[in-house]
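Subject: Structure handover

Hello,

Here is the structure you will be taking over. My notes on what was found follow below it.

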Amino acid sequence: MPFVRYGVLSGTLHRHHRDRPDSQGRWFHVNLEVDAPAGRHHCAVDVDSHASAVGVRWKTFTLPAVALGPAAALAASPGYHELPRTPDSGALDLLRHPELADRSGVLFTRRPPSWLQDLLELVDSRPWHAGSNVEAALALESILVPGQHVLVFGEPFDDDPEGDLGMHNVHQNQGDPAGSQWWVENGTWQDGATLTRRPNGAYDLFLNKFSSQSDRTDAAGHPVA
């Protein structure tokens, strides 16, 4: 079944830091500390996966607030907001939202040449990129500025033993294959993402997904051929 809870944290970025690498097979994150009325929230954004040699795939781009629809309006009310899994609630779906879906059908496993990057920009393509956890972390960190307003979509911490506030599953939350431990959590309109607001009101977006997740899903969020 999909997540029991899903929503967005609206707040101000205090700082960010990376996990310390270790040899225990733990997932690697960029950690955001976000201030909101209830306190300081810890938001763990996945930039690596121990389940794949490729790790995560990501994309970064900028959109005007109007292109985000109801999601942008949530910035006016700091704090955590629970969201219904519908297109008009402000929830995100990386495969269905018209401004977030991949428009090119092309995945680059390494950086394309500059001439091809220019061509893709002309056709307004937003392909997924793949690389190391360091490259993914750098892409996310490129849009993070302390003091900036941020929107972090994902699942809130409900069972943290220390009672910490925060968000996890800040990544695509559908398309996990049958037989995986995440199959039961597949669902549409419950994807995670990190958005930061520029002074002019536009938003920089960092979208991320795991290499094992499908780019096409059914109404239940399960992968289709």
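**Salt bridges and other findings**

At 38% relative accessibility, Glu 82 is classed as partly exposed. Its partner in a salt bridge is Arg 5, and the closest N and O atoms of the two are 3.3 Å apart. Arg 5 is also partly exposed, with a relative accessible area of 28%. The pair joins distant parts of the chain: Glu 82 belongs to strand S5 (residues 79–82), while Arg 5 is in the segment before S1, 77 residues apart. Please keep in mind that this is a predicted model.

In general, side chains of opposite charge can pair when their charged atoms come close. A search of the whole structure gives 8 salt bridges, and two others are described here.

One of them is formed by the side chains of Arg 15 and Glu 33, at 3.0 Å from N to O. Are the two residues buried or exposed? Arg 15 is partly exposed, its relative accessible area being 38%. Glu 33 has a relative accessible area of 14%, which is under 20%, so Glu 33 counts as buried.

The other salt bridge is between the side chains of Asp 204 and Arg 198, again with an N to O distance of 3.0 Å. Asp 204 is buried, with 9% relative accessible area. Arg 198 is partly exposed at 37%.

**Charges and rings**

Charged side chains also sit over aromatic rings. The charged end of Lys 59 is placed over the ring of Trp 128, at 4.5 Å from the ring's centre. Arg 126 lies over the face of Phe 61, and here the distance to the ring centre is 4.5 Å.

**The chain as a whole**

The chain has 225 residues, of which 49% count as buried. Its secondary structure consists of 3 helices and 11 strands. In sequence order, these elements follow the pattern β-β-β-β-α-β-β-α-β-α-β-β-β-β.

How much of the contact count comes from residues 24 or more positions apart? Among contacts in the chain with a separation of 6 or more, such residues account for 67%. The chain exposes about 10,800 Å², and carbon and sulfur atoms supply 54% of that area.

Which residues of helix H3 (residues 133–141) are buried? They are Ala 136, Ala 137, Ala 139, Leu 140 and Glu 141. The cover over these buried residues includes strand S1 (7–18), strand S2 (29–36), strand S3 (39–46) and strand S4 (56–63). Strand S10 (193–197) and strand S11 (203–210) are also included in that cover.

Pro 70 is located in helix H1 (residues 70–73). At 37% relative accessibility, Pro 70 counts as partly exposed. Leaving aside residues up to four places away in sequence, Pro 70 touches Asp 88, Ser 89 and Gly 90. Pro 70 and Ser 89 are 19 residues apart along the chain, and their C-alpha atoms are separated by 6.3 Å.

Regards

How values were computed. Residues are numbered from 1 along each chain as its sequence is written. This is a predicted model: local features need pLDDT of at least 70, side-chain atom pairs count only at pLDDT 80 or more; totals for chains, interfaces and linings use all residues. Side-chain values use heavy atoms; hydrogens and water are left out. Buried means under 20% relative accessible area, exposed over 50%, partly exposed in between (1.4 Å probe, protein chains only). Helices (H or I, at least four residues) and strands (E, at least two) are DSSP runs, numbered from the N terminus. Contact means heavy atoms within 4.5 Å. A charge sits over a ring if NZ of Lys or CZ of Arg is within 6 Å of the ring centre and within 35 degrees of the ring normal. A salt bridge is a side-chain nitrogen of Lys or Arg within 4 Å of a carboxyl oxygen of Asp or Glu. Accessible areas come from the Shrake-Rupley method with a 1.4 Å probe; for residues, only the protein chains shown count as cover.
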